Amino acid sequence: MKRFITILSMFAAIALSPISAAWSQAIVTTERVTATLMMERPAVAPGDTIWVGLKLEMAPGWHTYWRNPGDSGLATMINWSLVPGLDVGPIQWPTPERQPYGTLMNFGYSDEVTLLARLS
């Protein structure tokens with residue numbers, strides 16, 4: 001999981017840099033998750049705000065965690081590496097699903113989820 005977060009950090013830094021004006025998506029694929037960083041528009045102008053989203057597509061039987069993961073697990077985190085002058089707001093969490101694990105109850109997402117944040 002730590003390797004996956006590091007990969008996300010690297011491609012977030014690239015996707016949100018000034019050279020990203022030509023494209024609005026970046027994709028990282030691991031054995032269990034495909035992560036797509038999406039932007040409402042390919043660039044943000046000074047004083048403007050846009051939505052950015054991290055779409056996570058999980059392999060069958062796999063899940064990610066909500067901001068309060070429950071009895072076990074760790075919340076999904078996005079470590080943004082932004083160029084000076086950019087700011088990103090908190091994740092806007094969709095309603096989670098129950099993820100039972102034996103006698104434990106966790107909260108998260110199966111199949112697919114998009115985590116949104118405001119970029120200004």
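Is T64 buried or exposed? Select T64 and you'll find that this residue is buried, with a relative accessible area of 8%; buried here means under 20%, exposed means over 50%, and partly exposed lies in between, with a 1.4 Å probe and protein chains only.

Before you click on, two notes on the model. It is predicted, so to speak of local features takes a pLDDT of at least 70 and side-chain atom pairs count only at pLDDT 80 or more, while totals for chains, interfaces and linings use all residues. Residues are numbered from 1 along each chain as its sequence is written, and side-chain values use heavy atoms, with hydrogens and water left out.

**Zoom out: the whole chain**

Switch to cartoon view. The protein chain has 1 helix and 7 strands, in the order α-β-β-β-β-β-β-β along the sequence. Helices (H or I, at least four residues) and strands (E, at least two) are DSSP runs, numbered from the N terminus. Of the 120 residues in the protein chain, 35% are buried.

Among contacts in the protein chain between residues at least 6 apart in sequence, 57% link residues at least 24 apart.

**Back to T64 and its sheet**

T64 belongs to strand 4, residues 63–70. Show its surroundings: beyond the neighbours within four places in sequence, T64 contacts L56, M58, T76, F107, G108, Y109 and V113. One of these, Y109, is the bridge partner of T64 in strand 6.

How many bridges join strand 4 to strand 6? There are 4, and strand 6 covers residues 104–110. Strand 5 is joined to strand 6 by 5 bridges, again antiparallel. Pick Q99 and look across to N106 in strand 6, which stands opposite. Then follow the hairpin of strand 5 and strand 6: 2 residues lie between the strands, and G102 has a positive phi near 60°.

**Into the core**

Now select V33, A35, L54, L56, M58, W66, I78, I91, Y109, V113 and L115, the 11 residues of the largest nonpolar core. A nonpolar core is a set of buried Ala, Val, Leu, Ile, Met, Phe, Trp, Tyr and Cys residues joined through side-chain atoms within 4.5 Å. Strand 2 (33–39), strand 3 (50–58) and strand 7 (112–119) each give two or more residues to this core, and strand 3 gives the most, with 3 residues. In soluble globular proteins, nonpolar side chains tend to be buried together.

Click V113 for a view of its packing. Not counting residues up to four places away in sequence, V113 touches L54, K55, L56, M58, T64 and P94. There is also a second, separate core of 7 residues, including M39, V52, A117 and L119.

**Along strand 2**

Select T36 in strand 2. T36 is buried, at 7% relative accessibility, and its C-alpha is 6.6 Å from that of L56, 20 residues away in sequence. Also in strand 2 is M38, which is partly exposed at 24%. Between the C-alpha atoms of M38 and V52, 14 residues apart along the chain, the distance is 5.6 Å.

**Two last stops**

Which residue forms a salt bridge with R41? Show D48: the closest N and O atoms of the pair are 2.4 Å apart. A salt bridge is a side-chain nitrogen of Lys or Arg within 4 Å of a carboxyl oxygen of Asp or Glu, and a search of the whole structure finds 1. R41 is partly exposed at 32%, and so is D48 at 28%.

Finish at D111, in the loop between strand 6 and strand 7. D111 is exposed, with a relative accessible area of 56%, and its phi is positive, near 65°, in a residue other than glycine. Most residues other than glycine have a negative phi.

How values were computed. Contact = heavy atoms within 4.5 Å. Pairing = 2+ DSSP bridges.
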